[in-house]
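Reader: I would like to learn how to read a few backbone features and a chain contact. Could you walk me through them?

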Amino acid sequence: MTRTLSAPVTVAFDYTRSTGPVLGRFLTGLRDGVVVAGRTSDGEVVVPPLEYDPVTHEQTTDFVEVADTGTVTSWTWVPEPVAGQPFDRPFAFALVTLDGATKPLFHAVDVASPDQISTGMRVRVRWAEERVGHINDLLCLEPAADRDEAADGVAGEGRARPRLRDEAATELSRPGESDADGGDGPEPVTGVVTPVSLDYVYAASPEESTFYRGLDEGRILGQRCPSCQKVYVPPRSACPTDGTPTEGEIELSGLGTITTFCIVNVPFLGQKIEPPYVSAYVLLDGADIALLHLILGVPADEVRMGMRVKAVWKPREEWAYSLENIDHFAPTGDPDADYDTYKRHL
Amino acid sequence: MRDVAVVGFAQQQLPDFDGSPTCVEMLVPILAECYEQTGWTRRDVGFWCSGSSDYLAGRSFSFVQAVDAIGVTPPVNESHVEMDLAWAMYEAWIKIQTGEVDTALVYAFGKSSAGVLRRTLALQLDPYTMTPLWPDTVSLAGLQARAGIDAGAWDERAMAEVAQRSLTDAEQNEHSIRKGGSSVEELLARPMYADPLRKHDCAPVTDGVAALVLAAGDRARAVRDRPAWIGGLSHFVDASSIANRDLTRSPSAANAAAAVDLAGVEVAELHAPFSHQELILRRELGLADDVRINPSGGALTSNPMFSGGGIRIGETARRIWSGEISKGVGHATSGAALQQNLLCVLDSSTGKDGL
């Protein structure tokens, strides 16, 4: 038996962000098949454009279209791609100085082995067929056969002369749809959505593992803090009062008292029970810390502080390492507990 | 300025911790070790500060849960940074400088193995143009290493020499999770991983916790015969965009070095998670040839996220307490490719002795 229980968990969220005028201009360009750079006060041509000038701190307003061809200025092999990267097979990440720019762009280069890329190599942008105004509209860069300076052994100082703005712009190869309508183009990009999803293996502490293993056997197990003698359910790696790990094994009966509660009237995403229902703190007999759980078997407006309740377990075949093995707590019908018996636990 | 010293240090590092994302199980014993070193109880600690990030292991508000480890009844004076232990220490040092408290205990924790660390760290990059491509940490370091190789700033042999020295020194460090030197030739004969990086050029994914104890003036002298006095503390940051930086240099490290007095340091513990980054730091700090670099084995042999930098300070302090050295510097980095750099100069003297 492993020391602790663990389970996979995925945390995911679609981040929706407004772009502001500078990145919006860049992303609008990508949607239209054009790479838009920004010129800084010291004459650098930067892709993507910087929102604010690094010297004057003024907002960038001088935009420059640069070519979708360029030169690799540094690269690294990616032998084991991680989820979400431009390729799910080995590829190269590179810094590529596009013709017309003076600072490199970070992106992927589609080559099959590290032998097929070198500093100084000429590359061109591979565009996505359907573009929405996102960095991923630029799928990757791919080797361009036209001028491979690495083959000539020339890199660094001798690399491609950056082309001037107008020269670069006139050589751009634009997809037809962006100038086809002859009037105003589509609206500028003002927002992007970036899904982020992270996979983890989530482990319980040894103390929590004891608790969940107990639940799998239909038992509610607590532990005692050796410093303050309080009984915690679930047990903890440190008593929050004393910083001491809880110890021992204290089995609790499943009988308890509602210390405080709330009636849930508001629907929310993922809600499993139709409102109104009652969430309550249940102080199990023998415990010093209440558990949060569901109260059923009584109309919501009859639930009250001091009400005696008991755990109602799901059928045994549904048990897992989960507090949900206890379906809910229901009134026992016994007289309410005296306030003095739980007032210290509110 | 008040004289403040590092007077306590404890750490634990593992390749794969099988416990909770908050690492409370590991924090409790290392905090106990700090109490034992100082003779204090938790009530003697005037200020607490922790360093961690929920993204690392996927547990929300993990720093709140971790506070359990320090015990908070009655309430304590406590803070948190989503930064390495070294920056938590910086906050505590400032807190002591305000005069509000005389002592502090700072701690950090991270369970990097719960996720894919090199991927998770892509979330610290520009969210519009970088994160959607998921640039992993190893790839960014590879671009930096290549830039230096192409520019002639270093070569693969110099990188292997860093790894060889680190792996050899790590044999003496019980906490290092990767150790065992061989030879530069043998290291160079190993296969490329993320060309131009071999696996030994990259810090191992490490889980771990660490804590540092700070005390002012006589409170420090009461704990240690030779407190490690903080003679200088500075940190700087470079632009976040790696494409707009000269990756072969680290202006923020040079700026941090210019703000402290590094003359006479005998040991430099440099937080370089990739071999070539140590070469950059040595240059930017202008360290003399006789300065001993990373006698602990450094981050190349063990690099727990959120404590790897602070451990460099603790390792330096330990050598001052023991009398092994009189002056040293601990360095911590954060962000992509040495974006942020912090230096903490430690000295056996306050510079005011005999006055």
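**Reading the backbone and the interface**

Author: Happy to! F61(B) counts as exposed, because it has 10 C-beta neighbours inside 10 Å and the cut-off for exposed is 12 or fewer. Keep in mind that this is a predicted model.

Reader: What is the phi of F61(B), and where does the residue lie?

Author: F61(B) is not a glycine, yet its phi is positive, about 55°. The residue sits in the loop between α2 (54-57) and α3 (62-66) of chain B.

Reader: Is C23(B) buried or exposed?

Author: C23(B) is buried, because 32 C-beta neighbours fall inside 10 Å and the cut-off for buried is 20 or more. This residue, again not a glycine, has a positive phi of about 60°. Look for C23(B) in the loop between β1 (4-14) and α1 of chain B.

Reader: Which peptide bonds are cis?

Author: Check omega. In chain A, the bond joining V47(A) and P48(A) is cis, with omega about -10°; P48(A) belongs to the loop between β3 (45-46) and β4 (63-66). In chain B, the bond from D195(B) to P196(B) is cis, with omega near 20°, and P196(B) is in the loop between α8 (184-189) and β5 (205-216).

Reader: How many residues of chain B are in contact with chain A?

Author: On the chain B side there are 47, in contact with 59 residues of chain A. Helices α1 (24-38), α5 (117-120) and α6 (137-151) of chain B each supply at least two residues of that side, and α6(B) gives the most, with 6 residues. By type, the side of chain B that touches chain A has 25 nonpolar, 12 polar and 10 charged residues.

Technical notes
Residues are numbered from 1 along each chain as its sequence is written. Chains are lettered from A and ligands numbered from 1 in the order in which they are written. This is a predicted model: local features need pLDDT of at least 70, side-chain atom pairs count only at pLDDT 80 or more; totals for chains, interfaces and linings use all residues. Two residues are in contact if their C-beta atoms, placed from the backbone, lie within 7 Å. Helices (H or I, at least four residues) and strands (E, at least two) are DSSP runs, numbered from the N terminus. Ala, Val, Leu, Ile, Met, Phe, Trp, Tyr, Cys and Pro count as nonpolar, Asp, Glu, Lys and Arg as charged, and the others, Gly among them, as polar.
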